[in-house]
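Hello,

Here is the structure I promised to pass on to you. Please open it alongside this email, and then read on for what turned up.

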Amino acid sequence: MKHLLNLSLFGVLALFFAACTGNSTQQGDGNDSDSVAVVTVPDTAVYGIIDESTTMHMLTIILEDGKTKSFSMNLDSIESDIQGGLFAGDKVTLTAVKGEENMSVKKLVNLNTLLGKWTSLARNFQIMENGVVESNATAETNPYTQWQMSNAQIILNTDTFDVLSLGADSLALENSKGIFVYKRQR
């Protein structure tokens, strides 16, 4: 009986550990031989279009169902991580946290700024609007072929990246393998 109790306790601890550490959809480098089971994390991000009524401290977006939603922003501190700029009419994804008065932007990625051709020493690809990534380098061993956003992170094939910085001419992504910097190719 004691052995069975120890085995049950071990099983519960293993499940607890897996639940605590399995909060990422990040996988290997995309090679099927390196891939592991996908851990599905619910996408709690908000998707929409920046409304013209957006101000310096209040973001208003038009949601996919046509309703509007407002979020407070603090652009003077690191509380609101805005990547890619805030331009009326641009598509964005964001995560938010409960603020004192209303929801506050935690991380925002401008999807219009993210689209385009990106290049580095190792990769040359184009992020297209329909979730497709087109590789422009024949020497890539594992080219990106698809992308999606989840929780304001970009998933390229099966690799999940935080968007560290996104500007008109540069993109920096980070995952457990390191930081990857790209230059916009015109």
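Below is a short tour, from the whole chain down to single residues.

Please keep in mind that this is a predicted model. The protein chain has 186 residues, and 34% of them are buried. Its secondary structure comes to two helices and 14 strands. Of the contacts with a separation of 6 or more, 41% are between residues 24 or more positions apart. The chain has an accessible surface of about 11,300 Å², and carbon and sulfur atoms account for 58% of that.

Follow it in the order β9-β8-β7-β14-β13-β12-β11-β10, and you will find antiparallel pairing. The edges are taken by β9 (133-135) and β10; each has a single partner strand, so one side of each is left without a neighbour in the sheet. From one strand to the next, the twist averages 35°.

At the β10 end, strand β10 (residues 147-150) pairs with strand β11 (residues 153-156) in the antiparallel sense, over four bridges. Ser150 sits opposite Gln153 in β11. These two strands form a hairpin with two residues between them. Is Asn151 buried or exposed? With a relative accessible area of 18%, Asn151 is buried, because the cut-off for buried is under 20%.

Asn157 counts as buried, at 16% relative accessibility.

Next along the sheet, strand β12 (residues 159-166) runs antiparallel to strand β13 (residues 170-175), and four bridges join them. Within this pair, Val163 stands opposite Leu173 in β13.

Val181 lies in strand β14 (residues 178-185). Its relative accessibility is 55%, so Val181 counts as exposed, the cut-off being over 50%. As background for viewing the strands, side chains in a regular strand alternate between the two faces of the sheet.

Enjoy exploring, and write back with any questions.

Best wishes

Key:
Residues numbered from 1 in each chain as written. Predicted model: local features only at pLDDT ≥ 70, side-chain atom pairs only at ≥ 80, totals over all residues. Heavy atoms only, no water. Buried < 20%, exposed > 50% of the residue type's maximum accessible area, 1.4 Å probe, protein only. Contact = heavy atoms within 4.5 Å. Areas by Shrake-Rupley, 256 points an atom, 1.4 Å probe, with all protein chains shown as cover. Pairing = 2+ DSSP bridges. Axes fitted to C-alpha atoms, helices over the stretch in contact; angles between N-to-C directions.
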